Amino acid sequence: MFLASSDPLFTGHYSRLYNAKYFRNRVLRIQKLCTEFQYDSVLLVCGIDTYHDKEMKKFGNWLLHGCSGYDITNSPLNDQFSDTFCVISKDSFQAYTTPKGYPELARLSALIQNRNIYCLTPSEEANQELNEIKKISKFYEFVCDKPTIGLPAREVKATETFANELVMIEKWPICQSYGLDLVGEGFFTMKHSVKNIREALNLIYREYDSFAIHTVIYDEVPKNGHHFYDNFFSFLRDTPQKRIEKSEKSLIEALMFRYEFGLVGSVEENKREDEFPVPRVLFGENTNKEYHELSCDEQLWKINKENPDRLPVHMTLEYVERRSSLRFARTYMLSNCAINYMSGYVLDDEKEIEGNRDGKFSEQAARFISHAYISMIKAFDRLKELYFQEKIEKKDYHKAAYVCFIKACECELGLEVNQLKGIFPPSGFTIDIIKYNAMGEEVKSQDSTYLTLHMIRMQQKNITVNKGKEDLGSIIYGDSFYQTSGKSLNITNNIPKMISVYTTPKHYQNLDTNWFLEKGMRCERMGTRVFSILDCEGIYPVKSTYQDAIPNFILQGNLIVYENTVIFEDSWLHNFIVDIVDIEKVTFYISKDTWAEIQVADNSSLPMNTICEKKFYVNIKNNLYSKNMNILCEKLGEEKVEKVSQNFEQSSELFQTLEFKNYRIFTSTNKQTVYTGYLDFELFQEEYEMFMEYSMISMFNQIRNKTFVSYSQFEDIWNNAQISKKSLSALSEKTKLILVSGIPGSGKTTLGLYLSKIFNVENINSSTFVLPVQESTGFASKEFLDKLLEHTDTKTVVAVIPSYHHLKKAIFEFKKDPRFDETFDLQHVITRVSAKNFYRHKNRNMYQFLLENCLKGICDAIIFERGGVELTEFQSMRKQLCEVNDDANILNVEGRTFKFNDLEAILTKKHTKYSLLYGKYLYGFEKEGKSQYYLENAVSGHYFKFKVPLSVDTLKKRFHKIFNNPIMDYKELVPEDEQRCDFESTVDSSTDISSADEKENIEYEETGSERIERYRKKKEEQEKKRIQADLEQEKMLIAEMKIIKSAMKPEPVIIERMKGLFLPENEEEDNDYRIISNFTEIKLKSCKNSHKRLHESELGFLVYGKNITEEKFKDIMNAFRTQLRSLYPRRTVKSITEQEIKMLEEKYFGECMPSNFFHDGYTYVDEDGNRQYSHPNLEKLIEVFIEKENAKIADYNRGVQKEWKQDKEKYN
């Protein structure tokens, strides 16, 4: 194939190029939809949870897989998001996914503002019950506070039993789970106002957003190359005798196959028809066919035979890609367009040349058609400029295009305007300019908001000569474009503008109609054959006046030298025949491969002699000093031969043209295949990338109703940034400032100190500025700058910015202060990222500001430390960083150190305007700190002194439970078995007061019971256990929902991370301890400072989280010490247990009775003979018992309170 299949650029589906910038634009488009329709959120649920709803599938393909056009209706490209749902709100993005889907979803959403992704751990995913519980609880958490929810759902079919679409939605498994009493406490569609946004999304799918453009360019344009190559492979490879065996239908076969294949995946409702032709090739007069007519099967030789006096000298090619309506049209020559071609040359026999009486007409017709086609290309280019510059209205398209065409023909053909109008009738001239959306549908509106595909097609039919007697057919030219900010991008520019091939000798006056190349040539003026050089390459330059319209011709063939003649046999154009006496000069450019420039006085025997120069170039390889070549040089004479020692390919502009670069690319990857002239994707890739980058940023700003710079400004900045280089050691009158950023625990302070060290080693005088821990918890730019201004004793200062700040906002606030610009020259911003500290918890939710502080345009370099994290996990993290900054700006390190040269290579590439452009227009996050979602999730830092000794064993056991979980009651952190209360009640609730005789009786009864009764009890016990197991999932759901609902209460304490120093409880321990929470890891280490214990003023914790106060924090930390005794509650009648009543009955058996009661040894009997088993004075006995117990409790509680007071006085 033309394009190497091993090239990663062209392997796989185009959605492999879908990245965070395009994903963010699409999310922003949905957020804009929320604003337009006043929705609180839009819901996307993938997979079985919506029974694979057709509209949900389209939405998922478009948003998560990057599909565009009709591809959104196909099955998902893979199943990585099969258990994923997303909730897109006006100012946030929430998602639930699995380990399979997380890497890609995290990469895509890296630029999303206020994102929250919850990913199951592998162990949670393996537990099916826990998996479902987590999904249900997260679904509730994400949607419960959103009254109005938009979602796409399919139409209810007439044969279905659903009353309406809402009933169908309620049947979705994910919505049914919401209706559980333990979860949403009501039906999903009743508690929320659910809106079907199917039609609104279908309108969005039709928009040519930035990635839909990417889709066409990276998918359709390369396919053009493959199919164009297949289409013309045999035609351009074959000999002229084989070429005339081709028919119109065979010359469109491969392109027609692609066209028909594009219809395979389209459902009936998506198929469309327009008035323009389907792919077709037409010969000669057939080019006048109406749009609905197709190519025919009749071979070219039969057409030539049936019309010997009017042979087809050209053909028209037209192709349309069915799904996107991408279209191109070309006119190609079936003749080499030479006048007086090969006059005086005969076959290898004794007969005289008979010639071809009709050849003169064919020669003139070929010249006429070729020059008219060149005129059309020039007119097309002029009209395209007028159209995209909006200097012409629709009603004037035809008039302006025709005038441009006639003027160009006037210059080319040298005829008067009136004559030209007779040859090119205005009624036969058409100009079509149509705009299409991403679904390939025509856009009628002239002021479409978003980008469209522009198709411009120009055709002149019924070209008549000889005063209207001869109809040569028509010529056609067409291309497809994208346009933004005055810049148009021709995406079919890869298709060769001109192909000219020799097909039959009947096209020429001087050739015998039976002349064939294979039979050889021989005549007296040529002499005997001397030598030949096979498989040569060459260049045949067109005249300067045509270079803007058509490219130079690339030659491939054999160089044959006779005594008196030099012949180059080209595979396309046929023979270049030059008598040695007609050669004006031959210049040999001597290098590794020697090129010969052959200039001729008479070019009548050269192909394309009305369009090309009187010279051509041939690569004679290393044959310059061969014996045969010396003979040729002697024949030419010294005055006609010049030898120049230079590399011609490097010095000549001919080799810098697109066509020759394309040929070199082709020959380097395709050694034994046919060159078709299709321009390689690589030649336009840089232009494509710049255009798509501009359209992506422009669309981002357009969605937010902001303006962006012009394309010319962007192009200038883009190009300059590619060659920018800035020295780290350049002199500056101000103090150079390097800012170091990072989240807590990333090692930014260590990095700052290390940078100063290596800068000093490189003779860059520097120092490090770091705020003390107590001052760094709450970042304030003014206070930071005040301290920094005191630290200007070195030429370079490496300043470490405190954690949890918005880096862009911080720099902006610095620059607003006049003292900053007066003192400092901000050189670079470096962000430190640690893989161990990338996520907040095991479910991979990220720290705030981690990615925001790595953004391209704000951060110049990222130092990314792997630190023992698994390679696959590290790569996933790095992909996220690559989405927010350039891959080349990320320096991977294994530990805390790195080479200075590696960092220098990144920093020296900085381009200030480039950084400002991206910082202002693409990576702003300027809404941070304003949105309600952000304020609700804002994290702040605090430093608290804490000198209470803690239990090391307890910390190791359950300290991890306090992180990233809502804490409403710190007492819940202490298990019951660790709660201390040593008050001894008179009768413990666990005391068994049954007598030994009762125990014996019980045992006797049990051992003497029937076997069938034991079996019954055993079955009851088993049933009880089964019911308990069934309730286990319900208990898990209750526990999970309790956590979710606690987190949604007004002010739950949430601790994100902390580090600090503390005393151990064990008096035998002679070291202090350090604790650091990092990623999902808790590090508890001894300070090994037995020789110098910490002073109590040094003890404390740096804590990051939400709703944290000193009092709450100390209560939480006190849960990890040996617990103080707790108060014992006062006794009440309700608190009296059965054991205690039994004890009172036995203690006062037969005593303390009322005067009218006595005990008869079996029961209590009153004076009326009434009997009762309970003590008649029990209430009074209980009252006395409670009074005595409360007196003991009061003494105990006073002791506890005294202990609390002493503890408080000691540690406060």
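1. Of the 1212 residues of the protein, 55% count as buried, that is, under 20% relative accessible area with a 1.4 Å probe and protein chains only. The model is predicted, so that local features need pLDDT of at least 70 and side-chain atom pairs count only at pLDDT 80 or more, while totals for chains, interfaces and linings use all residues. Residues are numbered from 1 along each chain as its sequence is written, and side-chain values use heavy atoms, with hydrogens and water left out.

2. The protein has 35 helices and 37 strands, taken as DSSP runs (H or I of at least four residues for helices, E of at least two for strands) and numbered from the N terminus. Among contacts with a separation of 6 or more, 72% join residues 24 or more positions apart, a contact being heavy atoms within 4.5 Å.

3. The mean pLDDT (the predictor's confidence in each residue, from 0 to 100) is 84, and 90% of the residues reach 70 or more. Over residues 1-11 pLDDT stays under 50, and the model has 25 contacts beyond four places in sequence for them; over residues 989-1009 pLDDT also stays under 50, with nine such contacts.

4. Helix α1 (residues 20-37) packs with helix α20 (residues 681-703) at an angle of about 20 degrees, the axes lying 10 Å apart, where axes are lines fitted to C-alpha atoms over the stretch in contact and angles run from 0 to 180 degrees between N-to-C directions. The two helices are therefore roughly parallel, a term for angles under 35 degrees. Residues of α1 including Y22 and L28 meet residues of α20 including M696 and F700.

Key
Buried < 20%, exposed > 50% of the residue type's maximum accessible area, 1.4 Å probe, protein only. Parallel < 35°, antiparallel > 145°, perpendicular 65-115°, else oblique.
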